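Colleague: Hi, could we walk through this one together? I'd like the overall picture and then a few residues.

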Amino acid sequence: LGYAHDCLGDISGAIAGYEHAVSLDPGDDASRASAAYLYQEQGRLADALRANLDMHGDPERVRFRDVQVAREYELLGFDAAAEVGFRHVFELTPDNVFSNIAWPAFLFAHGRFDEARAAVVQARTRGTPRAELAQLDGELALRRNDRVGAANAFAEAHALRPDSRLETTLAAVYGPAPASAGWLRQRTADTRSSLVDDPWPASRLELAVLLQAAGDKRGAIAALSDAVEKGWRDAGYLRASPLFSSIAGDPAFEAVLAAIGRRVAAERERVLSAPWCPAALKVRQPTEAERQRGRDLRM
């Protein structure tokens, strides 16, 4: 039942099903990890990490669990632990679709663009084509001011997942011919309608892209703020992505990043004060200001 709700995009229904499955069988680590992923999507990072660390059987038998843990470390600001986890899975399981996306995405969000590009090239040789990997390739091309390369990569992402709203919008906005004002108006209206009952935070990124393309910076920032309210916690990606270059540095955009920072700090404190917190995480981590200085130097 949880999986059925998951496939329908119903986060709350899916979590209820998975949690009930675990209550009936505490050894059901697959359902525990599935719930953990959805906690992460809701911004409940401490709950997600705790669930993924609380495996009752062999953690290696739980698909994608190592990638999830590394992602939670990243979102919580435990960058060193996240890097070890992402690199480990990327190097040792070349057929892991999600690690082939997650490792270059981690490098990208941390301003390590040359390394991210090399990781994308390597991942593309592994026979695990995914729209997310092609999209990341397009964003890297935009950072190099390679509009043709970006258009080709976004077109590939759309071809790989033609039903994805974001991929469709990116292929249109960054395609060889600019999207018309009429298309942008209709697409924006359709997107707003689709978001009414959509609990997924990342869905708001498409609206932000559309509103920027139409010149509505206030609206774009409001869409990102709504994503944060729904659970989006990846400030690093918002800083690094050229998709948001027209609003980067705007005080309201910085306020969105600050809102993420406050929410992440609260989740991080929950982890550090918990009895189940891994000892390695209690080693002093760089502050957000120190991490930002490092990103600035790399950029």
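This is a predicted model: local features need pLDDT of at least 70, side-chain atom pairs count only at pLDDT 80 or more; totals for chains, interfaces and linings use all residues.

Modeller: Happy to! The chain has 299 residues, for which a compact globule would have a radius of gyration near 19 Å, and the chain's own 19 Å agrees with that. That radius is taken over C-alpha atoms, and the globule rule is 2.2 Å times the number of residues to the power 0.38.

Colleague: How many helices and strands does the chain have?

Modeller: There are 17 helices and 0 strands, counted as DSSP runs (helices: H or I, at least four residues; strands: E, at least two) and numbered from the N terminus.

Colleague: And what does the C-alpha trace span along its principal axes?

Modeller: About 55 × 45 × 40 Å. Of the 299 residues, 50% count as buried, meaning under 20% relative accessible area, with exposed over 50% and partly exposed in between (1.4 Å probe, protein chains only).

Colleague: What about contacts along the sequence?

Modeller: Taking contacts (heavy atoms within 4.5 Å) between residues at least 6 apart in sequence, 58% join residues at least 24 apart.

Colleague: Is C7 buried or exposed?

Modeller: C7 counts as exposed because its relative accessibility is 55%. C277 has a relative accessible area of 8%, so C277 is buried.

Colleague: Okay, new topic. Where is G111?

Modeller: G111 sits in the loop between α7 (97-109) and α8 (113-124). G111 is buried, because its relative accessible area is 4%. S241 is 130 residues away along the chain, yet its C-alpha atom is 9.4 Å from that of G111.

Colleague: Nice. And which helix holds R124?

Modeller: R124 lies in α8, and with a relative accessible area of 36% R124 is partly exposed.

Colleague: Which residues does R124 touch, not counting those up to four places away in sequence?

Modeller: R124 touches L133, A134, D137 and E156. For A134, the C-alpha to C-alpha separation from R124 is 8.9 Å, and the two are 10 residues apart in sequence.

How values were computed:
Residues are numbered from 1 along each chain as its sequence is written. Side-chain values use heavy atoms; hydrogens and water are left out.
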